[in-house]
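The stops below proceed from the overall fold to selected residues.

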Amino acid sequence: MLATVLVLALQQAAPAVPRSLLLLLGALLLLGGLLLLGYLLLRRHRDWLGGRLLALDAFLARRTPRLWRAIRRRFSRDAWHGLTLTLATLVFLGLLFLFAVITESWQSEGALLALDQAVNEALRERLSAGFLAAVAWFTRLGGVEGALPITLVLALVLALRRSWWRLLALLLSVGVGAAVMWGLKLYFARLRPEGPLFSPTSASFPSGHSFTAMALYGFLLFLLWRWTPHPALRAAASLVLGLVIVLVGLSRVLLSVHWVSDVLGGLAVGLAWLIFSLMFVRALQHLFGRRKQALPP
């Protein structure tokens with residue numbers, strides 16, 4: 001039944017999708033293929049490439065020593081404020097740009113608004129009450145009744161381990177993140193679609209359940225990657241928690257309490273806030289550590 005509904009939604013949305021969006025999708029697929037080809041070629045000729053990079057490094061170090069040292073520090077693997085911070089900043093800015101694109105699309109009645117309406121129309125009165133009740137179980141994982149107990153247990157575990165900095169990151173990503181999410185809801189004040197089982201009164205954009213799922217389960221995934229040395233367990237945790245995040249967002253659309261763009265916006269800004277929280281706390285930890293080392297014995 002779900003597959004049929006999704007097919008109908010895509011059939012209704014297809015005429016509204018502009019050709020520029022299809023061209024962009026094709027360009028992204030082509031870029032992905034070129035990147036994969038480039039990666040395979042670099043692996044095959046990495047010795048040759050390594051020699052060329054060393055020569056380029058020596059040339060730039062002679063010509064612009066100060067500038068090149070500053071650039072190299074941004075890509076250093078030895079410090080968190082090197083390559084880690086550089087990549088995190090790029091992903092954070094990219095997610096903010098994606099959130100802005102999503103917002104502009106439905107506000108200007110673009111392709112996403114047409115997709116929102118087509119999916120909502122296709123879902124209306126096509127799903128049984130029993131199916132919706134089952135879907136509602138997944139949506140609770142991103143609501144207060146599901147996220148709050150998990151957050152409290154996770155906070156207790158971090159406190160028992162005396163991992164105070166990570167506890168601060170959890171409170172910032174989930175606790176302060178809830179305030180950020182509600183502030184965005186109040187600012188955009190978008191009306192929700194009419195659902196068959198639920199009639200929420202809060203604003204629609206962005207999806208709070210999707211935001212919370214990304215912030216909470218994304219943080220849990222970060223902890224598991226830090227605590228678990230086994231690649232198989234990491235892969236399993238990534239699959240399970242990633243599936244939970246997707247199912248929470250999908251359940252909001254199936255229950256017709258959110259538009260598709262609400263969920264996409266919630267996931268994008270939720271991940272951006274999670275990255276900001278982790279990097280901000282890491283910067284505080286680094287700054288506090290430097291000041292502590294500077295204190296006289």
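From the N terminus on, the elements run α-α-α-α-α-α-α-α-α-α-α-α; the protein has twelve helices and zero strands. Helices (H or I, at least four residues) and strands (E, at least two) are DSSP runs, numbered from the N terminus. The model is predicted: local features need pLDDT of at least 70, side-chain atom pairs count only at pLDDT 80 or more, and totals for chains, interfaces and linings use all residues. Residues are numbered from 1 along each chain as its sequence is written, and side-chain values use heavy atoms, with hydrogens and water left out.

**Whole chain.** Display all residues as a surface. The accessible surface (Shrake-Rupley method, 1.4 Å probe; for residues, only the protein chains shown count as cover) comes to about 18600 Å², and carbon and sulfur atoms hold 70% of this area. Of the 297 residues, 34% are buried, where buried means under 20% relative accessible area, exposed over 50%, and partly exposed in between (1.4 Å probe, protein chains only). Among contacts (heavy atoms within 4.5 Å) with a separation of 6 or more, 75% join residues 24 or more positions apart.

**The core.** Next, select Leu170, Leu216, Tyr217 and Phe219. Within the largest nonpolar core, which has 41 residues, these four touch the most other members. Such a core is a set of buried Ala, Val, Leu, Ile, Met, Phe, Trp, Tyr and Cys residues joined through side-chain atoms within 4.5 Å. At least two residues of this core come from each of helix H5 (80–107), helix H6 (111–123), helix H8 (144–160), H9, H10, helix H11 (231–254) and H12. Centre the view on Phe219: leaving aside residues up to four places away in sequence, its contacts include Leu154, Arg166, Ser173, Met214 and Leu278. A second, separate core has eleven residues, among them Val253, Leu254, Val257 and Val263.

**The salt bridge.** Which residue forms a salt bridge with Arg190? Select Asp262: the closest N and O atoms of this pair are 2.8 Å apart. A salt bridge is a side-chain nitrogen of Lys or Arg within 4 Å of a carboxyl oxygen of Asp or Glu, and the structure holds one. Arg190 lies in the loop between helix H9 (164–188) and helix H10 (208–227), and Asp262 in helix H12 (residues 260–294), so the pair ties together parts 72 residues apart in sequence. Arg190 is buried, at 8% relative accessible area, and Asp262 is buried at 0%.

**The surface patch.** Finally, select Leu168, Phe276, Phe280 and Leu284, which make a nonpolar surface patch of about 300 Å². Patches are made of residues with over 30% relative accessible area and no salt bridge; like charges are joined within 9 Å, and nonpolar side chains (Val, Leu, Ile, Met, Phe, Trp, Tyr) within 5 Å. H12 gives the largest share of the patch, three residues. Phe280, in helix H12, is partly exposed, with a relative accessible area of 39%.
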